Amino acid sequence: MDFERHPMTLNSLAIRLLDRFLKEEKIDDLNKAEALGREATSGIERSGDLVEVARLHTLMTILKVRFMHTRSLEVLDEAISVGAHAVALTSKPNPGAAELLLLQGNLLELKYEISGDAITVEQMRAYYLSALHDTTSPITERVAAGRRLLSSPNILEDPDLAMEHAETAIGLISYLTPSVLRTSDRQRLIQDSAGLASDAAAIALRAGKAPWIALQKLEIGRVVLEDSFQGSSPYFRRLSRLYPDLAARFADSCEKLHSIHGDSLHINASSYSVAPQRRALQRQVANGLMAQIMQTIRSEPSFEQFPTLVSEQEMKSAAGNGSLVAINVSVHGCDALIITEDKVTALNLAKLSHSELIDRSGKSVGSMSTLNWLWDAVVSPILGELGFVELPSSDDSWPEVWWIPTGLLVGFPLHAAGYHSNMPRESSLDRVISSYSSSVSTILYRNNTYITNEPLEALLVGVIEAPKYSALPYVDHEMRAVENAFGAAGVNCTRSVDLKEAVISELQRCDIFHFAGHGHIDTNNPLRSSLLLRDWEKDPLTLQSIQEAIGRNSSRLFAFLSTCGTGSLQDWVHTDEAIHMPRAFQLVGFAHVVGAIWHVHDQACVEVATMVYSRAFGDRLEDIDISSALHHAIRELRDKWLARDQSGGGSENLRRARLVHGERRDAEWPEWAPFVHFGG
């Protein structure tokens, strides 16, 4: 056979051309890829050879891309037909089975969106379910299948069966260790796990389960998020402390399971190696061993629900300093899971929907109309349920609420929701002190073991001019104002030069970190997000380098990120769980973080920083209340903003966080609204 026309060679060329089409969108590349894909699969009938199945998978993928480009139902039907042929030929063990089943399910899902045919939905679910239960396939593919299954149309027609599927899918997250995965796999896993957990929580409520059980499902998705930043979840660290031998066996099994790398059908299409089948069998054995270890762990007292340890009683204990409100966003409905010291309750948010969040994401997230809508749809019903319906009578009587938003809601300003021009005012700011957290466990098991210096040590870093970014003339004013505030409170200040080596050295011994300048957000890998110093082009100050400087699983008291846009989000519509800078700083080890979730005026940063430090520290370093200080600072700025002409005031210099995938152009939003507090 002519090597240039060998099916393996043709398939490899088809894959390369398809990849190039997806990057450059030259239709000739897609045409050539399809022609090569068809030639590479001609003559395949019923051998079931792994390589032949992989070539069919390539053609399926090409036809799917063709459909997305043309919306031709004829093309989609052919892709589904090729997929059915590939599935029929697949023999066990096939390491790419879940990947193939997942693609076939996705093709049928696309057809259902057009036809609305109930039979198509049943076929789609059957493929997703088969992928979910295929123990020879990589867990990442099985989790992705579970994600699609739980979000599939009409799955709640049988709530009990849906709950059974949810338990299976959630159980797989127990086996996941994101820190040992490749970056691309890790980010996909975070997204799939978060979305899966949200759907599982929604299904649990609609299957009649108790609210605290639904919240447990939601919390399990956070294990993956925390592990990706901290190397291990708080639950695993507790297991290590109480049962070190069991923890070692669990960690060893996780490592073995993930060391049996996934096998892409695209790769297999170009190889006759038997190694993929061998890895499939190894993966099946490793899954069985992991199940046995999980059973042993769950037989120990207080570990019955491992990997989450948050029982109903522990949830209520987390609300000792204020109410916790997890807001679950799912295609099946949106609910507030409200935790007080007395109970855990669920409140359906009928006016909040996944589709509405998509419509408002990005361009209007901080507009006054969105603040009004957030009040009506989300915040007002929740505060009404909690009994917080009027302005507190004094500064000492303000109730506190910790918001735990999920999905697209993560980037919305719940703390600023309301009708701010009304008298009396109806808004979050006029009812409660707001803070944010990533999960209940972050509050419950937060690391309060940080050892502070006497007196406290603060590191100040101000970058007036970062290469390729606009100058920020108010940074120097901010540095002097912060130094004065700390001096009055007896806090030692070090103002570092704006170079990475110097900042890293000082970070290792500071309690408080204040940064003023521009930021950079990597939406694909949050640990590569960075604060921009003068040498950022050569050696950026990434979140990962900051985490390494302060030490993993250690903690610092406070980070003030006076860089506008450090919380900005990109590609919202395609995000199941957004991770912005303030949230990420909390996860890498800062007990309290203040940051902005969109661009704000340079001068506003100076005002907020000055007011927060003056209120938070004052003369009593033993009684630091950052959330209250930020709350009252924002209220004061809000009142000033309302009192003047909204078209005037403020510096034209905006501190920005440039996004890896480009800039989003914001409207003129309230300058006081983007500042948030993350912490326990």
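Keep in mind that the model is predicted.

Start with helix packing. Two packed helices are described by the angle between their axes and the distance between the axes. Take helix α1, residues 7–24, and helix α3, residues 50–70. Their axes come within 11 Å and cross at roughly 30°. That makes α1 roughly parallel to α3, because the angle is under 35 degrees. The crossing is left-handed.

Who touches whom? From α1, the contact residues are P7, M8, N11, A14, I15, L18, F21 and L22. From α3, they are V51, R55, T58, T61, I62, V65 and H69. By class, the contact of α1 with α3 has ten nonpolar, four polar and one charged residues.

Now stay on α3 and turn to helix α4, residues 73–89. Here the angle is about 165°, and the axes are 9 Å apart. So α3 is roughly antiparallel to α4, the angle being over 145 degrees. This crossing is left-handed as well. On the α3 side, V53, L56, L59, M60, L63, K64, R66 and F67 make the contact. On the α4 side, we have V75, L76, E78, A79, V82, G83, H85, A86 and L89. The residues of this contact divide into twelve nonpolar, two polar and three charged.

Next, helix α23, residues 602–616. At 1.5 Å a residue, its 15 residues should span 21 Å. The end C-alpha atoms are 22 Å apart, which agrees. Several residues in α23 are buried, among them C605, V608, M611 and Y613. D602 is buried too.

Another aspartate: D199, in helix α9, residues 183–206. Is D199 buried or exposed? Its relative accessibility is 3%, so D199 counts as buried. Leaving aside neighbours within four places in sequence, D199 is in contact with R147, L150, S151, S330, V331 and H332.

Last, the backbone. Most residues other than glycine have a negative phi, and most peptide bonds are trans. Here are some exceptions.

M423 and P424 are joined by a cis peptide bond, with omega about -5°. P424 sits in the loop between β5 and β6.

N154 has a positive phi, near 60°. N154 lies in the loop between α7 and α8. With a relative accessible area of 42%, N154 is partly exposed.

K468 also has a positive phi, about 75°. Look for K468 in the loop between β8 and α19. K468 is exposed, at 70% relative accessible area.

Key. Residues are numbered from 1 along each chain as its sequence is written. This is a predicted model: local features need pLDDT of at least 70, side-chain atom pairs count only at pLDDT 80 or more; totals for chains, interfaces and linings use all residues. Side-chain values use heavy atoms; hydrogens and water are left out. Axes are lines fitted to C-alpha atoms, for helices over the stretch in contact, and angles run from 0 to 180 degrees between N-to-C directions. Helices (H or I, at least four residues) and strands (E, at least two) are DSSP runs, numbered from the N terminus. Angles under 35 degrees count as roughly parallel, over 145 as roughly antiparallel, 65 to 115 as roughly perpendicular and the rest as oblique. A crossing is left-handed if the near helix is turned anticlockwise from the far one by less than a right angle, and right-handed if clockwise. Contact means heavy atoms within 4.5 Å. Ala, Val, Leu, Ile, Met, Phe, Trp, Tyr, Cys and Pro count as nonpolar, Asp, Glu, Lys and Arg as charged, and the others, Gly among them, as polar. The expected span of a helix is 1.5 Å times one less than its number of residues. Buried means under 20% relative accessible area, exposed over 50%, partly exposed in between (1.4 Å probe, protein chains only).
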